[in-house]
Structure formats: structure tokens, C-alpha cells
Amino acid sequence: MSGEAAAALNAWPAKLRRIRALVRKETYQVLRDPSSIAIGVVLPLILILLFGYGLSLDVKNVPLAIVMDEPSGEATELVGALELSAYFRPQIADSMPVAQQLLLQQKVDGILHIQSDFARRLSAGQATLQLIVHGADANRARIIQSYVEGAVGAWTAQRAAQGQLTDSPPVTLLTRIWFNEANDSSYFLVPGLIVLVMTLIGALLTSMVMAREWERGTLEALLVTPVRSDEILLGKTLPYFVLGLIGLAVCVLAAKFLFQVPMRGSLWILLGASMLYVLVALGIGLLISSWVKNQLVASQLTMLVTFMPAFMLSGFLFDLRSMPLLVRLITYLLPARYYVALLQSVFLAGDVWPVIVPNTLVLALMAAVLGLSSRAVMNKRLI
Amino acid sequence: MLSAILRILALTRKELLAVLKDRRSRTSLLVPPVVQALLFGYAATYDLNHVPYAVLDQDRSASSRALLAGLDGSGIFERVADLHHAGDLARYIDARRALLVLQIAPDFERRLLDGAGAEVQVIADGRNSNTAGTALGYLSSIVEQFNISWRSDHALPAAPVEIVSRAWYNPNLETRWNMIPGMIGTLTLIQTMMLTAMSVAREREQGTFDQLLVTPFHPYEIMAGKALPSMFVGTIQATGVLLVAQLWFRIPFAGSYLTLYAGLLLFLLAAIGIGLLLSSVAATMQQAMLYSMLLIMPFSLLSGLTTPLSNMPRSLQYFTALNPLRYAIDIARRVYLEGVGLNVLWPDLWPLALIAAVTLAAASWMFSHRMQ
């Protein structure tokens, strides 16, 4: 064995010992500072509970004002059909001005206006109903429109079956929503929330760590020891990585047992992808904090580059394909985008390899790049 | 009184200098709201303008082509594949290559001509069921168009009941109109609250807070000196977002600026009050950041910006009563889109005033008691 190789071999135990010492120091620091534990364990629990229950895009029990210009058997029957539906809570308004006032105060979400000649025109086969919705929440308004259309369509189909009307539309759609038959919005919101929570706690855990050492001057003390910069970074990352994984476990358990989101893929893929993602999130925090050296700016930057983009640009709520090209290009830089795709597939669709492989590769690449650049930034800072 | 005002102004000036003299910190306060408003203004919409779909047309008749032409001509639907085997359907959905897959049966045209009514099977990728539902809604209105022209071409009577829909305040039902005014409050909340919470914590961590205490300042003067710069930064940030909404996205402003700014100032006061209260509790910057994060995330997600408040369980709705952002979003939307005045906004204004009064009073009590 040449002397050089032996020296390299001898260097390893020393390196490991230094890393172990750093990990131990950092672990003590984590354990003694309750705020880190709070970020790693309590924060995910609170957030997933709050948001899991609080966020929903399901439209049920829509308050709907109904104006009947002239009561008739048919109009009453239609209102009865709406009352039976779980989607509406119809209330009769005496006149259009009254109903409009209700809509203005947002006491109702829409007005269904049944005009005076409804019964007569219905028997002639050409009745019109007027529907006014409050457009402020356009997504909800659109859903309400389609529900009203569906309810009225079902009512006319029922009358047709009873022989009172003979007409069926030329083409009907027979739709199925795969992976989410019941159209329950928490199925996709909860996996998305896991991404949001992990992004935030991962980056938060590390973002202040280096900046704090710079600000307090303790990093210089660390630098005069034989510890090398990659060892410092590794020592800083490991304890927080474990903390991040605990947070992840909290989230996944809540998703499965509290919010009953199905887990159709394998747990191993979920775990592997999540470990990569925690590394990426920790890396972002490390990079920011070794770059800016200032806790105030580091925390603001972390918030700006993690939380809001993961909320708005990750595909968790809004469809990425509908964004303009420039914005879509920016979303490719966002790790959250890949993790959202992974989690939504693993939770709802199963082990879909064409989704899993490319997204995992990108995350692995990002973790590597972030690790290397944190080291580069730190090395540069040392000189 | 005059000397108190002078002292507050001096402190405000010192604070503003501390925040704005550093180029990095200046940029990090002034640029992000505008950039975010631009980015999220495009991104945050439930509207779809690009729906990839695949079709398995087993009929290949003039009628099925006419129906598909309606989709392709919509400018929204984009056909990514013509499938030949039923087995391919699942592949396109699974790999997210298509949001919708249509299957037209071989007897499509025959059934249409017989008047028996034809069915088109549609499968949607429900991994985001809201997007799937919206796409299905678009699809059904295109099919509705097809039905209307089919009926008139074949001298069939029109549909027995026709629904004429109108949406008030947002005739084209664009979600962007709703989102961007809501962002005025959201984008300012994060940084103003954090700025306030961290600025006191930093002084405490660096030991300069003690120096401040030995000066002739009253606790409430120190507080005012911390609050005013944040108000200033917040107002500028809000103005930036407002300008983006009007000049870039060209969303018509229906109300009065005076009303909007009155509401926003009250909101900023409440947000800063919360920030000050947090900073009086936190011992270190890390704690201050943690506490403000713990509030900012729920505040911004449970504010009605992206999902309606009325969908929340009752207990959470009570919690949102403490959320200043909830009122700010309502104020911004209603002033911006509906043009309502202060008299209508009363239910939003008094809770904000209450939150501001309680938090500011509590913070000043905490400051004066920590000093002894």
C-alpha cells in the first residue's frame, strides 16, 4: 500500500470522528432549544390539522335564492328537486329586488329566477330559467352554475321518463373522475399540504442556523478547529434531517388516518422521495444562510423563496399547464413542483413509474447541486 | 407632547435607516411584493387555458369529427393523441400526459341520427379534482354548443329548459380578478409582520434594546417608533401590488382609493400590533421568526384567498375571526371589484380596529413590564 493511500485511509476515521462530534454538538443544541423541536414536530402537526380541516374546495349547501314570479305546479316541483339535493339550500325570495339585496350582502351565492310563464313555456318545450351568481369567487361560481345545470337537467330527464316531456339531448357526457371518484378536494389538498409543510420546516430549520453562527461570531471559532467546511455542513444537516423526517411521519400519519386520504402507491417510494425532498429543503435553508449571514434577511428570503412559491407555483392548487410560458419555466426551478407531482401520484394513483422516475431524478440532482453550492459559498466566505 | 412626537420621529428615522440603508435588506423589502404579484397574478388562477386531451374515436364519422372540432377550435383543449386501443386510455391519464380522455363508441353517429341519444365517455385525471371538474365544465359547455347546433341542423325542437347564466361583478368568471386584489393584503402581511417581530428581537439579541431603554423614551414611544417604519414599508408594498393589478393586469378599479387605503392602514396596524406582541414575547430572533411563521402560515392559508371561508368547519371559522388578513382580503376585493364604501365595510373594519387596539395595548404593557 502506498503511503498516500494509507494516509487517505487514516484520514477517514478522523473525518468521521469530527463529523460525529459536530453532529453531537448540533444535536445538543437542537434538544436544548425548544424552538427547533417546535419547528420539527409541533409545527407540522398544527399546520396539517389546521389546513387539513380548513382548506376545502368542495361546494355543498349553496344558499340559493329562488324567485318565482308566479307559483305553478312545475315551478314548485323544480324547487322541490333542488331542495332534495345536498348541494343547495334554496330559500324563496319574494321579488327580484329582495333577492338581489341578498346576493349583494352575500347571504346567498346565486339567484334562480323562474319567470311567470315558466309552466306554459315548459309545456311548449322552450322554457328559460335565469341564473345569477356572485362572480367574486369565480371558481365557486362556476361550480354552482354546473350544479344548477345538472340539477335542472336531472329534473327534466325525470319528467321525460315520466312521459311529460319527450326529449333527450343528442349527446350526453358520461364522466368519471379517476383517482378521486367522490370528488373530495381533501384528496389532493392534503398531499399538497404535506409539500407545503415540509418545504417550510426544512428550510426554516437550517436557514437561521448558519446565519446565527455568523452573526454571533461562533463560526469563526469553529473555523480555527481542524474541522473542514463540508464536515460543518454535514454536521449541521444530519440532526435537522432526522427532525424533518419526524415531521414528515406526523404529516403522513395524519393524512392517512385523520383525513382518510388513500395511499395507493408504496410507502417506500413515498419515503425515498420525501427524504430527498427534505434534503433539498434543508439545502435551500443552508445555502441562504451561508450566503446572507444575517438572520433577518435570511428568514425573509427563506419565506419568500419557499413558502409562497410552494403555495402558488407548485401545482398544489393551480394547474401548471395553464400558466404562461415564462411563469411555467420558473416553476421548473422549484423543487416543490416535483414533490407535488410525486405525492399526488403516490397517494392517489399508485406507483406510476413515468411520474416517479423523472421527478425523483430531478430532486436528487437538486439535492446534489444545493449541497455542493453551499460548500462552495462557505469556502469562498472563509477566505 | 411635541417632544414625544419628535422623539418618535427620531426613532422612526433611525429604524428606517437601519432597515433601508443595507442594500440587500432594502431590495428584500421592496422588490419581492411586485415580483410576487406579477408571478402569482399569472399563476394563481383556477381558470384553464390549456387542457391536453386524448381521444379514442371508434366511430370516425362526420359527427364525431364535428364534436372534436368544437374542442380543438375552443383554444383551450389541445389534442395530444389519437388513440387506437382502449388499453391506451389509462396510460395517458396515469403518466399525466392528458387531463381528459374521451371515448366515442362506434355507434355514435347512428344513435344520433336515430334520435336515441349518444353518449361520450370521459375520464378525467382526478389527482387535482378541482382542475378536473373545471375541465369537465368546459367540455360540457362545448357539448352543449354541439347539441344546440345539432338540434337546429336537424330541425329538432330546442332543449325544453334553457338556463341563462350571468355572473355579477365578474362577468367572464375570471379567477384572476378575484385573486389579485386579495394579494394586496397577503403579500404585505408576511413581510410587515416579520419585519416588526424581528426588529425588536434583533435589538434584544444584540443588546441594543437595553441601550434604547436607558434613553428618555417611554415604552409606547419605542413601540410607535417600531410600528411606524413597518407601516411605511407595508403601505409601499401594498401600493406596489395595487399598481401591478391596475397597470399590468388591467383589472378595473371600481371603488375609491381613500376607502381602500383606510382599510389597508387599519389592517397594517393590526398586523403590526400582532408582530409587536410577538416580539415582546420572543427572546431571540429565531423564536420571533418561529412565532411569526406559526401565525403567518395559517393567516395566509385560512384567509379566504384560495379556498372559501364558508367551507371551513365552524370552529375554524371562529379562529379566522382573529385573522386580520381575512378582513383585508374582503375589503380589498369588495372595494376593488364592487366599489363599496366604508358603510358597507363596517363588519370588516371594526374587528381590525379591535385586533389593533388589543394587540398594541398588550404589546405596550409587555414592553413596560419587561423593563422593570
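A residue is termed buried if 20 or more other C-beta atoms lie within 10 Å of its own, exposed if 12 or fewer do, and partly exposed in between, with C-beta atoms placed from the backbone. The structure is a predicted model, in which local features need pLDDT of at least 70 and side-chain atom pairs count only at pLDDT 80 or more, whereas totals for chains, interfaces and linings use all residues. Residues are numbered from 1 along each chain as its sequence is written, and chains are lettered from A and ligands numbered from 1 in the order in which they are written.

Chain B contains 14 helices and five strands; helices (H or I, at least four residues) and strands (E, at least two) are DSSP runs numbered from the N terminus. Its C-alpha atoms fill a box of roughly 95 × 45 × 40 Å along the principal axes. Of the 372 residues in chain B, 50% are buried.

Between the chains, 95 residues of chain B are in contact with 92 residues of chain A, contact being defined by C-beta atoms, placed from the backbone, that lie within 7 Å. Helix 6 of chain B provides the largest share of the chain B side, 15 residues. That side divides into 54 nonpolar, 28 polar and 13 charged residues; Ala, Val, Leu, Ile, Met, Phe, Trp, Tyr, Cys and Pro count as nonpolar, Asp, Glu, Lys and Arg as charged, and the others, Gly among them, as polar.

Strand 5 (residues 171-178) of chain A pairs with strand 4 of chain B in the parallel sense over eight bridges, where pairing requires at least two DSSP bridges. Within this pairing, Ile177(A) has Ala124(B) as its bridge partner.

Terms used
Two residues are in contact if their C-beta atoms, placed from the backbone, lie within 7 Å.
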